[in-house]
Amino acid sequence: MSDAVMNEKKALLEVHDLHVSYGAIKALSGVSLKVFEGEIVSVIGSNGAGKSTLMNAIMGMVRREKGEILLGDVKLDSRSFRVVQQGISLSPEGRKVFAPLTVLENLKMGAFPRGNDSKVEEDYEWVFSLFPRLKERISQYAGTLSGGEQQMLAIGRALMSRPKVLLLDEPSLGLAPIIIKDIFKELRRINNEGVTILLVEQNARQALLLSNRGYVIQTGRLVTEGPSEELLANADIKAAYLGGGHAKGKTTQALA
Amino acid sequence: MSGYAEGIIILLCINAIAAMGVSLLTGFTGIFSLGHAAYMALGAYTSAILTVQHGVHFFPAILLGGVVAVALAYFIGVPTLRLMGDYYAIASIGLGEAIRLILENWQSVTRGARGYPGIDPYTSLPIAVGFFVILAIFMFNLINSRFGRACKACRDDYIASSLLGFNTARIRVVSLMISAFYCGVAGALLGGFLSFIQPVMFDMLKSTELTAVVVFGGLGSMSGCILGTAVITLVTELFRPISQYRMLIYGAVLVIIMVLRPEGIMGNRELLSWIKDPFGRRS
């Protein structure tokens with residue numbers, strides 16, 4: 001997608017001038033980004049840059065000090081249970097599956113806001129078709145799953161609310177490289193099924209390889225954005241986040 | 001049945017109603033409270049004042065006792081339960097003491113620290129058992145309802161359940177309100193049983209006892225808290241003849257159970273699931 005086309009199109013999710021503080025510490029200072037329908041967008045950055053805060057602010061888990069977030073034409077509510085009903089769901093950092101519940105029960109929890117929707121049954125099958133491993137472990141306790149399987153379950157559970165935009169907070173956290181590859185392959189498939197994805201990642205290379213566009217976040221500000229191939233080729237980003245590159249400038253500062 | 005045995009059963013029903021209330025909040029919603037005696041006190045005084053001074057029939061008076069407790073729970077719960085963690089436990093200590101002090105010093109209404117005598121002994125055996133049975137049926141249905149499951153989800157992972165679309169703040173406040181209703185009704189029944197209430201009956205010791213019974217019976221087991229109440233009430237009654245050692249035995253029983261079974265008598269399972277499937281899964 002070229003820049004010109006994107007500016008004309010209406011964004012599905014639009015974050016505008018978002019500010020978040022924890023006490024005196026400013027975590028996000030004026031973040032604006034757009035996610036278009038059908039896209040995968042990644043936000044990359046190092047520890048403490050504000051990636052998780054961005055996700056939590058979109059979900060209403062932390063107070064948004066300033067700025068607004070639009071889903072289509074609708075302003076996102078500040079309370080998380082409403083945000084979920086409006087059509088956004090987050091697979092949280094560290095997975096947070098319900099350990100004493102089985103795989104199927106965890107998925108049911110994801111469908112909770114839908115109440116007695118008759119299509120829920122179909123969606124279990126949909127999630128199982130995306131993650132066949134989960135079907136094999138359907139009645140196993142989530143606490144006994146491997147890290148990768150728990151991540152699949154967390155993503156599946158988030159999908160059960162049938163979100164318009166799926167948010168993913170560090171899906172690669174604590175997983176072996178080969179598992180990360182699997183998970184990212186599945187994310188591609190989920191996207192092909194029509195789910196728009198916004199993910200934040202420390203694993204910049206994997207995230208950029210997967211996504212259409214990327215943003216770089218640094219101490220609460222988005223410093224660079226562009227198509228993922230461009231970011232992957234960018235010498236400064238290579239040096240700062242991808243390793244192996246040799247930038248002339250002083251790496252991270254050069255981006256700002 | 002002798003009057004004594006009748007008295008024990010009435011007391012058991014009253015304690016079990018209060019314990020069920022605390023169990024919903026602590027065992028199922030994961031909020032610790034050290035001030036639930038305040039809700040009992042409010043129920044007891046409301047019902048006593050209404051029946052003695054205003055000639056209200058005891059039945060609506062008991063229910064109104066519960067309603068007043070619910071109103072207090074709402075005003076305390078809305079500001080404190082938005083916060084996660086043990087803030088409510090700390091706030092509830094203050095609440096318990098504040099209510100007790102108000103009752104002691106608001107002489108014109110509560111007759112102060114000397115207590116409130118002359119309550120019509122309306123809590124007969126059928127009344128106490130009737131209230132217990134109806135409230136127990138309601139509670140057992142509640143914990144298996146959509147709301148009950150939502151409570152457990154909030155308890156198990158507050159963040160995950162918020163992210164899955166549960167209105168966690170509301171669930172916590174409603175859980176506290178229902179819990180307060182049970183304690184308010186229990187307090188009103190206690191007043192009608194003893195014919196006399198006194199602020200000191202509803203001190204922090206009473207509050208901790210309520211929470212202790214619930215932990216003792218098993219957090220997350222409604223039948224456990226009733227069983228726990230039965231054990232504690234019976235132990236204290238059986239050893240009444242050696243009254244000076246009573247509290248010693250009470251303490252010893254608590255310690256022994258907590259050492260041998262840290263998850264409480266029932267763990268987090270219900271009696272029925274235990275009978276059906278002794279080696280089955282946790283609920």
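**Exercise 1.** Which order do the strands of the open sheet of chain A have, and with what pairing?

*Solution.* Remember that this is a predicted model, in which local features need pLDDT of at least 70, side-chain atom pairs count only at pLDDT 80 or more, and totals for chains, interfaces and linings use all residues. Residues are numbered from 1 along each chain as its sequence is written, with chains lettered from A and ligands numbered from 1 in the order in which they are written.

Step 1: the 4 strands follow the order β2-β1-β4-β5 (chain A), and their pairing is antiparallel. Strands here are DSSP runs of E, at least two residues, and helices are runs of H or I, at least four, numbered from the N terminus; two strands pair if DSSP finds at least two bridges between them.

Step 2: β2 (25-35) and β5 (74-75) of chain A are the edges; each has a single partner strand, so one side of each lacks a neighbour in the sheet.

Step 3: β1 (residues 13-22) and β4 (residues 66-71) of chain A are joined by 5 bridges. His19(A) has Lys66(A) as its bridge partner in β4(A).

**Exercise 2.** Find how many residues each chain brings to the contact between chains A and B.

*Solution.* Step 1: chain A brings 17 residues and chain B 12 residues, where contact means C-beta atoms, placed from the backbone, within 7 Å.

Step 2: on the side of chain A that touches chain B, α3(A) gives the most, with 4 residues.

Step 3: that side has 11 nonpolar, 5 polar and 1 charged residues. Nonpolar covers Ala, Val, Leu, Ile, Met, Phe, Trp, Tyr, Cys and Pro; charged covers Asp, Glu, Lys and Arg; the others, Gly among them, are polar.

Note on methods: Two residues are in contact if their C-beta atoms, placed from the backbone, lie within 7 Å.
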